[in-house]
Amino acid sequence: MNALKAREIIDRTLYEDETVLAFSAVTDVDTQAPTLVDSSPNFWIAVTQSRFITVGEASGKATSYRLPEIKILEVRRKLLGGNLLHFDPAGYGPGLGLSTFKIHDKVAAKALPSLIASRSQAPTLRQETTSYTSVTVKSPPHLASLIGEESVEFRCITCDGACGGILKGEETIYPECSGCQRAVTKPSTSEC
Ligand SMILES: [Zn+2]
């Protein structure tokens, strides 16, 4: 995946009056954080008027957060140059929830501090709804014994983000799409 593709994924999550104010490739340099097999430390991040968005190189999926709800989001300049973005959505701390992103884009690194400084006053998102389509995915070999040969993912029809799924016969529907934060409604059965 490249920056163009990452930007496309982010753009699909946008609301009508929302624009991307900063965009950068980042690398998670926090080696303490547990990494899943075949996951990548490379991400893209974006800040809009209302949301902070990440796209994982490994997953190719957007995850977004309402700016005022994020516990920790701050840029720290390193002594020897370079900028680190400390991001911990729920405030779980190092090794559990904290990501330390090295910001690769200089323009974004400059713009970010002022963009996130006033994030507690960020405009609230419009109330919108989305629905999902069911996609059957084969489990990676190392997880097959744990979760079965395949599972069902619910993918947002607006942004392709995660809306839940069926794992071992148990259905989970997220209240909001993790990619775009739109309220998730069940697809109408007449469509099938
Ligand atoms: Zn979505």
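Residues are numbered from 1 along each chain as its sequence is written. In this predicted model, local features need pLDDT of at least 70 and side-chain atom pairs count only at pLDDT 80 or more, while totals for chains, interfaces and linings use all residues.

Reader: How many helices and strands are there in the protein?
Author: Helices (H or I, at least four residues) and strands (E, at least two) are DSSP runs, numbered from the N terminus. Counted in this way, the protein has 3 helices and 13 strands.

Reader: What radius of gyration does the protein have?
Author: The radius is taken over C-alpha atoms, and the globule rule is 2.2 Å times the number of residues to the power 0.38. The C-alpha atoms fill a box of roughly 55 × 40 × 30 Å along the principal axes. For 192 residues a compact globule would have a radius of gyration near 16 Å, which agrees with the value for the protein, 17 Å.

Reader: How far apart do the C-alpha centres of domain 1 and domain 2 lie?
Author: The domain bounds come from an automatic or database domain assignment. They divide the protein into domain 1 (3–121) and domain 2 (129–191). The C-alpha centres of the two domains are separated by 24 Å.

Reader: Which element supplies the largest share of the side of domain 1 that touches domain 2?
Author: Two residues are in contact if their C-beta atoms, placed from the backbone, lie within 7 Å. The contact takes 9 residues from domain 1 and 10 residues from domain 2. On the side of domain 1, α1 (3–13) and β4 (62–66) each supply at least two residues. The largest share, 4 residues, comes from β4.

Reader: Which residues of helix α1 are buried, and why are they on the same side of α1?
Author: A residue is buried if 20 or more other C-beta atoms lie within 10 Å of its own, exposed if 12 or fewer, and partly exposed in between, with C-beta atoms placed from the backbone. Leu 4 and Glu 8 are exposed on the other side of α1. The buried residues of α1 are Ala 6, Ile 9, Ile 10 and Thr 13. They cover an arc (of the directions from the helix axis to the C-beta atoms) of only 95°, and therefore lie on the same side of α1.

Reader: Which strands are included in what covers the buried residues of α2?
Author: Helix α2 (residues 106–117) has the buried residues Ala 108, Ala 109, Leu 112 and Ile 116. Seen down the axis of α2, these fall within an arc of 95°, so they line one face of the helix. The face turned away carries the exposed residues Lys 106, Val 107, Ser 114 and Ala 117. The cover of the buried residues includes β1 (20–28), β2 (42–48), β5 (72–77), β6 (83–88) and β7 (99–103).

Reader: Which residue takes a positive phi in the hairpin of β10 and β11?
Author: Two strands pair if DSSP finds at least two bridges between them. Strands β10 (residues 150–156) and β11 (residues 162–167) run antiparallel and are joined by 4 bridges. Arg 155 stands opposite Ala 162 in β11. The hairpin has 5 residues between the strands, and the positive phi, near 75°, is that of Asp 160.

Reader: Which residue takes a positive phi in the hairpin of β11 and β12?
Author: Strand β11 is also joined to β12 (residues 170–173) by 4 bridges, and the two run antiparallel. Gly 164 stands opposite Ile 173 in β12. With 2 residues between the strands, this hairpin has a positive phi near 50° at Lys 168.
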